[in-house]
Amino acid sequence: MTKHQLETLSFDNSYARLPEALSAKLNPTPFSEPPHLVSFNPAAAELIDLDPEQAKRQEFAAVFGGSMLAPGMEPLAMLYSGHQFGVYVPQLGDGRAILLGEVRNERGEKWDLHLKGAGLTPFSREGDGRAVLRSTIREYLCSEAMFGLGIPTTRGLCIVGSDHQVYREQIETGAMLVRMAPSHVRFGSFEILYYRKQHDQLKVLADYVIAQHYPHLVDASDKYTRFFSEVVERTGRLIAQWQAVGWAHGVMNTDNMSILGITLDYGPFGFIDDYDPGFICNHSDHNGRYAFNQQPYIGLWNLSCLAQALLPLAQKEELKAALDRYTPLCEERYMELMRAKFGLIETKEEDASLIQDLLALMQLHHVDYTNLFRALSLFQTGIESLNESLRDFFSDRDSFDQWARRYKNRLREEGSRDEDRLTRMNHVNPKYVLRNYLAQTAIEKAQKKDFSEIDRLLTLLHNPYSDQPGMEAYAAPPPNWGKHLSVSCSS
Ligand code: AMP
Ligand code: MG
């Protein structure tokens with residue numbers, strides 16, 4: 001495989017060739033202080049055939065810190081609007097991110113290089129166009145953690161920091177994150193053209209997205225409905241994965257919903273520690289609109305906004321029929337994932353209550369979601385086994401015992417073998433997730449210019465399903481200080 005230098009990356013800026021109204025062309029604004037590399041992710045570099053040695057060059061921090069362009073880049077800020085907390089906001093757009101360019105790799109895949117925190121754009125509204133080091137670390141690590149878990153997501157190529165001061169609740173330092181995705185088009189990219197009644201542009205955008213990302217639909221007579229139907233499917237599957245792994249996005253506004261069904265725009269997200277279905281990770285979400293257990297429904301709500309925006313291109317009844325597939329699809333996928341988490345192979349009607357009843361017990365007894373499922377793989381089906389280590393998760397051991405009897409019977413009915421199930425379950429129940437306190441530790445070190453913890457977590461989270469020697473402590477539930485860290489949108 002060719003290993004490219006910054007100067008030889010192969011750009012193909014298709015978004016820049018779309019009608020002008022869809023974006024604003026402009027370059028990043030450099031920091032007021034010199035940029036330095038905070039972290040680099042060779043796994044993401046590989047996706048664009050970039051030689052990892054390039055990260056050692058000064059020019060690397062210059063290019064991805066917004067003070068220099070690589071040949072071939074055509075930077076622009078993308079236009080979009082969206083429903084924020086249920087309310088339509090007529091114009092949002094990339095207020096602090098700039099699409100530097102699109103790289104096509106040797107396999108023919110296209111990757112957007114999107115620089116977050118790159119300074120003011122025409123869409124910055126009252127914002128400063130910057131991102132703080134804290135938020136770039138969270139987005140970078142979580143996107144890579146999701147990738148490690150097998151959940152569709154944007155990727156993180158690198159973080160470039162600087163002593164440039166940024167004002168939030170307190171003074172912090174700025175940083176830029178290069179994130180990558182085949183596309184950063186959002187539901188909101190369609191909504192803005194619909195509400196502005198720019199239906200010809202809407203068609204141009206839809207045709208572009210279909211040609212680029214759903215090419216098998218290009219010649220279909222009902223291509224817009226089918227395109228929507230595929231977005232429905234991808235979104236349903238994605239949200240089922242979030243639910244199964246116990247992750248909340250925190251700001252599921254329609255401008256944060258990817259047209260490719262990938263996890264996009266990491267803000268105040270959170271993995272659940274002690275199981276609580278009403279978990280709200282966003283400190284500013286006072287009504288719990290984006291609480292963990294609301295996510296499947298919000299997915300539907302957001303898809304209905306997209307359906308509305310596609311009305312000029314497709315029949316209402318057909319869009320509605322596609323939308324109606326969402327809930328059963330999401331539920332079915334969730335059940336599939338949960339059965340696997342429980343090590344079940346056969347499908348039985350009573351599975352839903354078996355699963356639900358354990359979750360209810362976990363909620364009641366404040367049991368750690370990730371650790372319980374990891375430990376469940378050690379469940380023994382032998383008649384005599386009391387599964388001591390598992391029952392210790394529950395303060396009321398009797399109620400666990402009652403549940404365990406049902407589970408044991410269920411497993412025995414399908415002839416489940418302990419060793420086989422253990423291996424299977426360890427491939428779907430992660431040992432390591434990006435708990436808030438782990439991210440916080442990396443952030444606090446980075447704020448003192450020690451970036452080692454970011455790299456350690458990156459390596460760890462790329463392999464969340466393997467026991468990693470010496471890393472036992474990273475699977476621990478949060479210490480007291482890390483239990484209720486406040487995370488808001490101000491990033
Ligand atoms: P988010 O909730 O982070 O997805 O952002 C919602 C909108 O606010 C998007 O249009 C962002 O580009 C914009 N935005 C967020 N933070 C800033 C900032 N510091 N400066 C300018 N625009 C911002
Ligand atoms: Mg956003």
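## Close-up views of a predicted model

Asn256 and Asp265 are both buried, where buried means under 20% relative accessible area, exposed over 50% and partly exposed in between (1.4 Å probe, protein chains only). This is a predicted model, in which local features need pLDDT of at least 70 and side-chain atom pairs count only at pLDDT 80 or more, while totals for chains, interfaces and linings use all residues. Residues are numbered from 1 along each chain as its sequence is written, chains are lettered from A and ligands numbered from 1 in the order in which they are written, and side-chain values use heavy atoms, with hydrogens and water left out.

**View 1. Asn256 and Asp265 coordinate the magnesium ion (ligand 2).** The donor atoms are OD1 of Asn256 and OD of Asp265, at 1.9 to 2.1 Å. Donors are N, O and S atoms within 2.8 Å of the metal (3.2 Å for Na, K and Ca); water is not among the atoms, so sites may look incomplete.

**View 2. Ligand 1 is surrounded by 17 residues.** The closest are Gly93, Gly95, Arg125, Asp128 and Gly129; a residue counts as near if one of its heavy atoms lies within 4 Å. Let's look at the N and O atoms here. An oxygen atom of ligand 1 is 3.3 Å from an N or O atom in the side chain of Asp265, and a nitrogen atom of ligand 1 is 3.4 Å from an N or O atom in the Arg168 side chain. At Arg130, a polar backbone atom is 3.2 Å from a nitrogen atom of ligand 1.

**View 3. Phe60 and Phe64 form an edge-to-face aromatic pair.** Their centres are 4.9 Å apart, with 70° between the planes. Rings of Phe, Tyr and Trp (its six-membered ring) pair if their centres lie within 6.5 Å; planes under 30 degrees apart count as stacked, over 60 as edge-to-face and the rest as tilted. Phe60 is buried, at 0% relative accessible area, and Phe64 is buried at 0% too.

**View 4. Tyr88 and Tyr195 make a tilted pair, because their planes meet at 35°.** The ring centres are 4.1 Å apart. Tyr88 is partly exposed at 22% relative accessible area, and Tyr195 is partly exposed at 35%.

**View 5. Two charged side chains sit over rings.** The charged end of Arg138 is 4.1 Å from the ring centre of Phe269, and Lys341 lies over the face of Phe373 at 4.7 Å. Here, NZ of Lys or CZ of Arg must be within 6 Å of the ring centre and within 35 degrees of the ring normal.

Note on methods:
A polar contact is a pair of N or O atoms within 3.5 Å; within protein, one must be able to donate a hydrogen and the other to accept it, and residues adjacent in sequence count only if both atoms are side-chain atoms.
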